[in-house]
Amino acid sequence: LPESANHPNIHGRVMRHVVEPIHGRTLATYRALAAKHDCIVGGGYLAVRGGDARGTYAICEPDGAISFHDKDQPSMWENNNYTPGRDLGLADTGIGPIGVANGFEWLRSRTAARLRGRVRLVAGGMCFPSFPQWGVTHKWFWQREHATMVELARETPGRMARVVGVP
């Protein structure tokens, strides 16, 4: 699932009210889906970890095991909403180690460096921003920037997997 399944990925006042406890409603939903469908379910949400809000990605297994990864660097307006994480993004699962990338981590060479040689699979979520379709900015924001973000969303998981050397 995306990096922001419990909230819009926007700059706005609504973001003040979406952070939840690490073991809150969103995690309960992921765990229930993993158990119900007998599969691994991953998804992101804004959660309190270590006293701060973080862009957290949870990997939930059908047996109830959970691994967490906090995004290493908030991007753009995300800096208003949460602080960076410091973990390596390694999920030790029943099928082996999974490397987790969250959002723009999919584009970073340091993500590949922290995962290369340590994982059997790269997974995670992204929610690249969309843009308003205001008349005065439509050509710049929507036509150019939105198209670039769509292309990045399509291309980056495969590229990261090739660089890391895993599916």
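Predicted model: local features only at pLDDT ≥ 70, side-chain atom pairs only at ≥ 80, totals over all residues.
Mentor: Residues are numbered from 1 along each chain as its sequence is written, and side-chain values use heavy atoms, with hydrogens and water left out.

Trainee: What makes the rings of Tyr-30 and Tyr-45 a pair, and why is the pair called edge-to-face?

Mentor: A pair of aromatic rings is described by the distance of the centres and the angle of the planes. Rings of Phe, Tyr and Trp (its six-membered ring) pair if their centres lie within 6.5 Å, and planes under 30 degrees apart count as stacked, over 60 as edge-to-face and the rest as tilted. The centres of the Tyr-30 and Tyr-45 rings are 6.0 Å apart and their planes stand at 70°, so the pair is edge-to-face. The structure holds 1 aromatic pair.

Trainee: Which parts does the pair of Tyr-30 and Tyr-45 tie together?

Mentor: Helices (H or I, at least four residues) and strands (E, at least two) are DSSP runs, numbered from the N terminus. Tyr-30 lies in helix H1 (residues 25-37) and Tyr-45 in strand S2 (residues 41-49), so the pair joins parts that are 15 residues apart in sequence. Both tyrosines, Tyr-30 and Tyr-45, are buried, where buried means under 20% relative accessible area, exposed over 50% and partly exposed in between (1.4 Å probe, protein chains only).

Trainee: How do you know that the span of H1 is close to the expected one?

Mentor: The expected span of a helix is 1.5 Å times one less than its number of residues. H1 has 13 residues and reaches 18 Å from its first C-alpha to its last, which is close to the 18 Å expected.

Trainee: What makes the buried residues of H1 line one face of the helix?

Mentor: The buried residues of H1 are Thr-26, Leu-27, Tyr-30 and Ala-34. Seen down the axis of H1, they fall within an arc of 100°, so they line one face; the arc is that of the directions from the helix axis to the C-beta atoms. These buried residues pack against strand S1 (20-21), S2, strand S3 (52-60) and strand S4 (66-70), contact meaning heavy atoms within 4.5 Å. The face of H1 turned away from the buried side carries the exposed residues Arg-25 and Lys-36.

Trainee: How do you know that Cys-39 is in no disulfide?

Mentor: A disulfide is a pair of cysteine sulfur atoms within 2.5 Å, and a search of the whole structure finds 0 disulfides. For Cys-39 the nearest cysteine sulfur is that of Cys-60, 10 Å away. Cys-39 is partly exposed, with a relative accessible area of 30%, whereas Cys-60 counts as buried at 1%.

Trainee: Why is the contact between Arg-49 and Asp-70 called a salt bridge?

Mentor: Side chains of opposite charge can pair when their charged atoms come close. A salt bridge is a side-chain nitrogen of Lys or Arg within 4 Å of a carboxyl oxygen of Asp or Glu, and by this rule the count comes to 6 salt bridges. The side chains of Arg-49 and Asp-70 meet at 2.9 Å, N to O, and form a salt bridge. Arg-49 lies in strand S2 and Asp-70 in strand S4, so this pair ties together parts 21 residues apart in sequence. Arg-49 is partly exposed, with a relative accessible area of 24%, while Asp-70 is buried, at 5%.

Trainee: What makes Asp-52 and Arg-54 a salt bridge?

Mentor: The closest N and O atoms of Asp-52 and Arg-54 are 3.7 Å apart, and the cut-off is 4 Å. Asp-52 counts as partly exposed at 32% relative accessibility, and Arg-54 is buried, with a relative accessible area of 10%.

Trainee: How do you know that the pair of Asp-72 and Arg-110 links distant parts of the chain?

Mentor: Asp-72 forms a salt bridge with Arg-110, their closest N and O atoms being 3.0 Å apart. Asp-72 is in the loop between S4 and strand S5 (90-93) and Arg-110 in helix H2 (residues 109-115), 38 residues apart. Asp-72 counts as buried at 17% relative accessibility, whereas Arg-110 is partly exposed, with a relative accessible area of 42%. Asp-72, Arg-108 and Arg-110 are linked in a network of salt bridges.
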